[in-house]
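Me: I would like to go through this model with you and ask, for each label, what stands behind it.

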Amino acid sequence: MATYYRDTLPFRVDLVFGSDYRDRRELRTFWDHETEVDRNALPEVREMVPIGFDYYLINEINQLEATVQIETTRFNEDGDQQPIIFLASPPGQVKVIFSRESSQTSDSTEYPWRMGYYTIKVTVDGRTYFSGIQCLPNNLTLGQVTRIHQLLENEVSGICSELVMSQRTFSEDHLDTSPSKWYHDYARWLQTNKQSIMACIEYIRKYWYKEIRTVHVVSSRLGIQDSKAERWNNATGAKLNQGTNPQLYYLNRRKQLHSDNPQNQWMKSVIQHWKNDLLVILIQIREDMESTEKEIQNHKARMNASIRKLDEIKQLRDVPEGFKKGESSLFHTSRVQIEKLQKWLGSLKKWDHEIKGIAGSFGFLLSSNSFNKVRTTENKPILKNRYYHLLDELYSIGQQIKKQEGDARQYKAIPWPTWRIYEYYSLLQVMKSLKEIGFRPRVGFPDHISSFLNQGIPEGSRFILENEVGELHVHYGKLLPYSPDDTVDSDGFYSMSEHRWPDIRIDYHHKTSDGSEYSKNSIVFDAKLSSFRYLFRPGIPIKPFTQLNSYLSIQHTSSRKTVVDRVCCLFAGFGGNETKINKHSLTYIRLCPDENEHFIGLAELQEFLLDWLTNDCELSL
């Protein structure tokens, strides 16, 4: 293992940050092999912060042979990762990787990394050096983001991750909720395709493929004759029909349905092999279940020990705060690990149940009378029936996953960008607050949103909560039309402002005595992964303030007045000593969890919503 430091390298790689790219940090350490890279020695980059690279050579070396390749989370349609690659240039010529200005190069329009570690490979004069960067969230700590992930995953498993076609996973280790083994990928894939597999099995059970074959049967009654029957009648039949009072026999031609044909033989072989594979996977999953249960018990023992220790501390005086915090940290860590492992155990149990069900269906079909009469074959015929073809294709895909190739690449997850996760968190807390106030979800967490697993919540989604007198329609990422003539898909809402795309809009629909509804009041929330100082400045109408203020101009076709009573900005970063800040017509609430069990801003959010419902919507709650 060889480690190279800045002064011994024939090149320099500087990371440059900020809108003017004057903030520089050197990439000081490189290694011979990717596996040797020490993650603790890598520089940090923050999500969505403008960044560029200044890569240049120290000595006179052919620049065409000097390249840098940076790993990303960008993928093409075939699922291949698209790294950033560029040549060395003279010092000071910065290669822009991400800029907030859309006028920059096409590479800079999308931030190239999610939370995690990424390799940087530098090639100079035929020799390769490895280093990397670690991408961390901006305005939130890793512990806070981890807590947000846990809260969202408790509502809907998998909502924090996007499935990508990749053989590598870039997830931060702290956020990786499941070990990576081939049969885990296989179980996820099997769970996704269970409906198709069961449909094929049900079709085969009911509509078993049979071929019409010609057979010849000896009978005492004359039937259909052909040349073979005539020859038999003149030879074997003539001998049987001799005697004083002979019983006459004939060889008749008949058509019969036969199931022992090449297609059924192949299907029986596929189902037998598949059932055996599933039984092996069940054994491995149950071993994982047993080891996970043991690990949970170990963490429970540690947590109980921490509880006893904390109880002892309460009885003592002058215990250092650092010691108290340390013991509390151990307790919290054990509890977090228990929650994580219990969730993982739940996934294992679900896979065990699903796989056991599929294997049972296979076994039931194999033991049926139809299958008992069918032989097996290792020679695959042409499968004409689409259900036969589909089942064979699914089995082949499963075999590729078993061998860790092919479509197994699909089942690697990377976390969504933190700004999107924060929007989900804000939506969750708004919905949670409304339920605490007394509204019942009719379409909402987790039933409707569970269909968005690994796809994210589509912009334009609507969730409905209700009570005895009205309904709340919660819109996520709904783009409003500019003209009142185009409001068919927006329930009559429109906005002539430049900013017509709030993160969360809530409309109150009052129920009248005849059962009809009409929209009466609206409120808007916008989630910002920023600190307060970037959202408001006294005497200066900065862009975020202008955007938020423009939501007050949302209108409805039933009224000439604006219908938005209040606009609230939910922000994640530091906001000073106050959690709730009123500035002009806007309200700012810092909404985020701390790294323990507290939810900053949740009480203020509930109070804000309750005040709107009682004063603006005139509800008695």
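**Labels and their grounds**

Reply: Gladly, and as a start, the model is a predicted one, in which buried residues make up 48% of the 621 residues in the chain.

Me: Why is C568 called buried?

Reply: Buried means under 20% relative accessible area, and C568 has a relative accessibility of 0%, so C568 counts as buried.

Me: What makes C617 buried?

Reply: The relative accessible area of C617 is 1%, and because the cut-off for buried is under 20%, C617 is buried as well.

Me: What is the basis for the name "coiled-coil region", and what does the model show at residues 282-316?

Reply: The name comes from UniProt, where an unreviewed entry places this feature at residues 282-316. In the model, the chain over residues 282-316 is 94% helix and 0% strand, with its end C-alpha atoms 51 Å apart. Across the chain there are twelve helices and 27 strands.

Me: What share of the contacts between residues at least 6 apart in sequence joins residues at least 24 apart?

Reply: The share is 71%, where a contact means heavy atoms within 4.5 Å.

Methods. Residues are numbered from 1 along each chain as its sequence is written. This is a predicted model: local features need pLDDT of at least 70, side-chain atom pairs count only at pLDDT 80 or more; totals for chains, interfaces and linings use all residues. Side-chain values use heavy atoms; hydrogens and water are left out. UniProt positions are given in the numbering used here, feature names are shortened, and annotations may be inferred rather than shown by experiment. Helices (H or I, at least four residues) and strands (E, at least two) are DSSP runs, numbered from the N terminus. Buried means under 20% relative accessible area, exposed over 50%, partly exposed in between (1.4 Å probe, protein chains only).
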